[in-house]
Amino acid sequence: MIKKGLLLILLVGFVAVISGLLINFTGSNELNPLASYYAEKGPTEVGAANLVTAVVITYRGFDTLGEVTILFIAAAIVGFFLKTMNADTNRPLRLRKTSEILETASTLLVPTIFMLGAYIFVNGHLTPGGGFQGGAVIATGVMMIILARPASQFNHKLISVLESISGIGFVVMGVLGLVLASGFLNNAFLPLGKLGSLLSAGAIPIIYVFIGIKVGSELTSILDSLKENQNEI
Amino acid sequence: MAQYLTLEFIAMLTGFILIIIGLWGMITQKNLIKLVIGFSLFDTGLNIVIVSMAYVKNSTAPIIDKAVDVSQAASKIADPVPQALVLTSIVIGLGVTALMLAYVLRMYREKKSLDINSYTDLRW
Amino acid sequence: MSILLAIFLGLVILVLAITAIYHKNTKVAIIATGTVGLFASVLYLLLAAPDVALTEASIGSGLSTIIFFYVLNKIRQSND
């Protein structure tokens with residue numbers, strides 16, 4: 001009972017702090033100086049029509065590198081924990097039969113989903129989307145394969161090779177920016193092209209393809225390590 | 001009252017209440033999976049709050065195209081920086097949720113229980 | 001108009017969140033969590049953030065739900 005009362009007091013204090021923030025919030029009528037700098041100079045400096053992409057890849061490129069690293073470490077720890085758990089379960093694999101509708105639909109939908117994912121990360125500098133979204137969409141396709149065909153095995157070697165190559169590619173593109181242009185992850189060492197065309201924005205499409213493959217393979221490896229021994233009844 | 005009837009204020013209020021619900025769930029629920037669900041709600045609420053801060057009145061998405069010209073971009077678009085941060089935050093949120101669930105599985109294997117009161121190893 | 005939609009979305013999100021915390025059945029709670037992500041992605045779209053909406057729709061409602069279900073299934077298996 002005392003514990004509940006303490007929790008309530010804690011929560012009331014939290015609400016008081018938050019409501020102080022909330023009452024004085026009136027929204028903004030114009031961009032702050034930093035954001036208006038990005039809006040005015042972004043299209044000419046970076047050449048990407050999607051300004052979020054410009055911020056993610058070039059202006060705040062270090063954040064993205066750290067984020068990909070965190071995701072990699074999380075996937076590695078999940079794999080480590082679940083692999084050691086699966087090692088000593090020797091029960092025979094009895095698979096539940098999936099419905100025919102799901103199997104037929106997945107043959108039709110999975111290639112389309114993969115293509116949509118690739119489209120999203122290739123066009124990341126022009127339309128809403130990019131490496132993270134494209135990778136997540138590709139992982140959704142993998143999820144559909146797992147649901148429709150539980151017996152299918154993934155090639156672990158291929159997944160880890162893809163992940164390593166795309167990670168190294170991302171860093172190499174960053175270092176090329178440092179050597180050939182003004183700074184780490186600067187995209188201007190390739191021609192910026194015309195704003196709004198597919199082959200524009202320097203190195204951004206290449207970096208986003210690497211990020212897309214990396215995020216897709218990391219999420220796939222999380223799903224795969226959770227899948228192991230999943231389908232016994 | 002009328003000053004509070006705006007899109008960004010309503011979104012921010014939703015986000016803050018979602019944070020409080022998530023926190024309440026995290027400190028009152030006994031089931032480990034409910035704890036992770038509370039964390040996930042907290043995460044979503046925090047992201048909604050940050051995106052609602054990025055909104056500028058009557059703005060559009062920060063993408064230069066036919067509707068938004070380069071010259072007038074600064075007066076028409078929403079703030080791209082918080083949106084970029086939330087973008088990475090969502091992906092990290094998934095990674096952390098998966099990590100927490102892996103810990104839950106591991107803990108369940110040790111004690112065969114999802115109740116947090118049965119984990120008394122650190123209680124003295 | 002968009003304000004009305006935002007109020008509606010906010011109410012749905014909060015009801016679903018309370019369901020997710022307090023429902024006895026864990027499966028219902030997990031589905032409610034996924035739906036919170038889905039409605040939040042519509043809210044992001046209203047707030048002029050299509051990039052964030054795309055991410056949240058595929059991650060918050062697709063992948064995280066399936067990960068929760070995998071873990072629940074695994075726990076149920078090792079019970080019997």
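## A helix pair in chain C

H2(C) and H3(C) are roughly antiparallel to each other, because angles over 145 degrees count as such. They pack at an angle of about 175°, with their axes 7 Å apart. Axes here are lines fitted to C-alpha atoms, for helices over the stretch in contact, and angles run from 0 to 180 degrees between N-to-C directions. H2(C) covers residues 26-46. Helices are DSSP runs (H or I, at least four residues), numbered from the N terminus.

On H2(C), the contact includes C:Ile30, C:Gly34, C:Leu38, C:Ser41 and C:Leu45. On H3(C), C:Ala53, C:Glu56, C:Gly60, C:Ser64 and C:Phe68 are among the residues used. Residues are in contact if their C-beta atoms, placed from the backbone, lie within 7 Å. By class, this contact has twelve nonpolar, nine polar and one charged residues. Ala, Val, Leu, Ile, Met, Phe, Trp, Tyr, Cys and Pro count as nonpolar, Asp, Glu, Lys and Arg as charged, and the others, Gly among them, as polar.

## Basis of the model

The model is predicted: local features need pLDDT of at least 70, side-chain atom pairs count only at pLDDT 80 or more, and totals for chains, interfaces and linings use all residues. Residues are numbered from 1 along each chain as its sequence is written, while chains are lettered from A and ligands numbered from 1 in the order in which they are written.

H3(C) has 30 residues, 50-79. H3(C) bends by about 30° at C:Glu56. The bend is the angle between axes fitted to the seven residues ending there and the seven starting there. Of the 30 residues, 22 are buried.

C:Ala48 lies in the loop between H2 and H3 of chain C. Its phi is near 60°, a positive value in a residue other than glycine. C:Ala48 counts as buried because it has 25 C-beta neighbours inside 10 Å (the cut-off is 20 or more).

## Contacts of chain A

With chain C, the contact takes 16 residues from chain A and 14 from chain C. H6(A) gives the most to the chain A side, with seven residues. By class, that side has nine nonpolar, five polar and two charged residues.

Note on methods
Contact = placed C-beta atoms within 7 Å. Helix = DSSP H or I, 4+ residues; strand = E, 2+ residues; numbered from the N terminus. Expected span 1.5 Å × (residues − 1). Buried ≥ 20, exposed ≤ 12 C-beta atoms within 10 Å, placed from the backbone. Parallel < 35°, antiparallel > 145°, perpendicular 65-115°, else oblique.
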